[in-house]
Amino acid sequence: MLHLVALLSGALFGAGLLLSGMMNPDKVLGFLNVFGQWDPSLALVMGGALAVFAPGYWWWKKQGRTQCVLGEPLPKVPPARFDYKLVLGALLFGIGWGLAGICPGPAMGMLGSLQWQAGLFVAAMLAGFFLVGRLQRA
């Protein structure tokens, strides 16, 4: 049942990304272009998502719940560490997002469209994962 819920949740998330335009790099770049012809529509998408998620999450935590609906324990979130790794990672993510107009979630959905840009982005993302893993062990 857990796998089915995960599959349906992922499909719903992907459909939301597609319908909202977040899989369209031109739309994303328009949103990031705050000093040019800014397209605020993705801010409305993100705000709408938070408006749906936040009250439910608040209620769930207020109830003292420690398990998901299907009984799995909620993952423990470690306290945030603000260090150079976080800043460097955020800078690299932001630069990549600004140059390509693609971020990891939509890129995975874009793979289904067989766009070469999505394949290149995912390959670069996987190479980055590999390099970070190697650097952390060194």
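Beyond its neighbours within four places in sequence, Phe 121 is in contact (heavy atoms within 4.5 Å) with Ala 100, Ile 102, Cys 103, Pro 104 and Ala 107. The model is predicted, with local features requiring pLDDT of at least 70 and side-chain atom pairs pLDDT 80 or more, whereas totals for chains, interfaces and linings use all residues. Residues are numbered from 1 along each chain as its sequence is written, and side-chain values use heavy atoms, without hydrogens or water.

Phe 121 also belongs to the largest nonpolar core, which has 15 residues; Phe 121, Leu 42, Ile 102, Ala 107 and Met 110 make the most contacts inside this core. Such a core is a set of buried Ala, Val, Leu, Ile, Met, Phe, Trp, Tyr and Cys residues joined through side-chain atoms within 4.5 Å, buried meaning under 20% relative accessible area with a 1.4 Å probe and protein chains only. Two or more core residues come from each of helix H2 (25-32), helix H5 (104-110) and H6, and H6 contributes the largest share, four residues. Helices are DSSP runs of H or I with at least four residues, numbered from the N terminus.

The largest pocket has a volume of about 860 Å³. A pocket is an open set of points on a 1 Å grid over the protein atoms alone, where a 1.4 Å probe fits, with protein on both sides within 12 Å along at least five of seven lines; lining residues have an atom within 4 Å of a point. Volume is the space filled by probe spheres set on the points, which are joined across faces, edges and corners. Of the 25 lining residues, Gly 89, Leu 92, Phe 93, Gly 128 and Val 132 lie nearest the centre of the largest pocket. H4 and helix H6 (116-137) are the elements that give two or more residues to this lining, H6 giving the most, with 12. By class, the lining comprises 18 nonpolar, six polar and one charged residues; Ala, Val, Leu, Ile, Met, Phe, Trp, Tyr, Cys and Pro count as nonpolar, Asp, Glu, Lys and Arg as charged, and the others, including Gly, as polar.

Just after H4, Gly 101 adopts a positive phi of about 75°.

The second largest pocket holds about 360 Å³ of space. Val 5, Ser 9, Cys 68, Val 69 and Leu 74 are the closest to its centre among 13 lining residues, and H1 supplies the largest share, five residues.

Note on methods
Buried means under 20% relative accessible area, exposed over 50%, partly exposed in between (1.4 Å probe, protein chains only).
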